[in-house]
Amino acid sequence: MPEQTLAVLTLEGVRVTVPAGTTVLAALQNAGLSPLRRSLSGEARGALCGMGSCSECRAVVDSQTVRTCLTPVRDGQNVRRLMEVNRES
Ligand code: FES
């Protein structure tokens, strides 16, 4: 069996190790970090399409807002949900 390559990143300040090739969205969901953000009226929002069409999975990765369902994990990434970023601003 081939050895699995891993990536170490930070989700909301917590270091996690996930298989390389995982999307940031999967890493967030597997860590139980849901919802990803809140609507202007305060409703919980999260990934819908999983293929880059809806933009509901946006989060901040290394200071850039990205669609997490299209973003592969990389070593050293710093990931924050928009609701956490907005809470602090
Ligand atoms: S879940 Fe729809 S763009 Fe990512």
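Which residues touch the most other members in the largest nonpolar core? They are Leu11, Val24, Leu25, Ala27, Leu28 and Val79, out of 14 residues in that core. A nonpolar core here is a set of buried Ala, Val, Leu, Ile, Met, Phe, Trp, Tyr and Cys residues joined through C-beta atoms within 7 Å. A residue is buried if 20 or more other C-beta atoms lie within 10 Å of its own, exposed if 12 or fewer, and partly exposed in between, with C-beta atoms placed from the backbone.

Before going on, a word on the model. It is a predicted one: local features need pLDDT of at least 70, side-chain atom pairs count only at pLDDT 80 or more, and totals for chains, interfaces and linings use all residues. Residues are numbered from 1 along each chain as its sequence is written.

**Overall fold**

The chain has 2 helices and 7 strands; these are DSSP runs numbered from the N terminus, helices being H or I with at least four residues and strands E with at least two. Along the sequence they follow the pattern β-β-α-β-β-β-β-β-α. The radius of gyration, taken over C-alpha atoms, is 13 Å, close to the 12 Å from the globule rule for 89 residues, so the chain is as compact as a globular protein of that length. That rule is 2.2 Å times the number of residues to the power 0.38. Of the 89 residues, 20% count as buried.

**The sheet**

Five of the strands make an open sheet in the order S2-S1-S7-S5-S6, with mixed pairing. Its edge strands, S2 (14-19) and S6 (64-67), each pair on one side only. Two strands pair if DSSP finds at least two bridges between them. Here are two of the pairings:

| Pair | Sense | Bridges | Opposite residues |
|---|---|---|---|
| S1 (residues 6-11) and S2 | antiparallel | 6 bridges | Leu11 and Val14 |

S5 and S6 form a hairpin with 2 residues between them, and Asp62 in the turn has a positive phi of about 50°.

The largest share, 4 residues, comes from H1. Val79 shows how the parts meet: leaving aside neighbours within four places in sequence, Val79 is in contact with Leu9, Thr10, Leu11, Val24, Leu28, Ala59 and Val61. Contact means that the C-beta atoms of two residues, placed from the backbone, lie within 7 Å.
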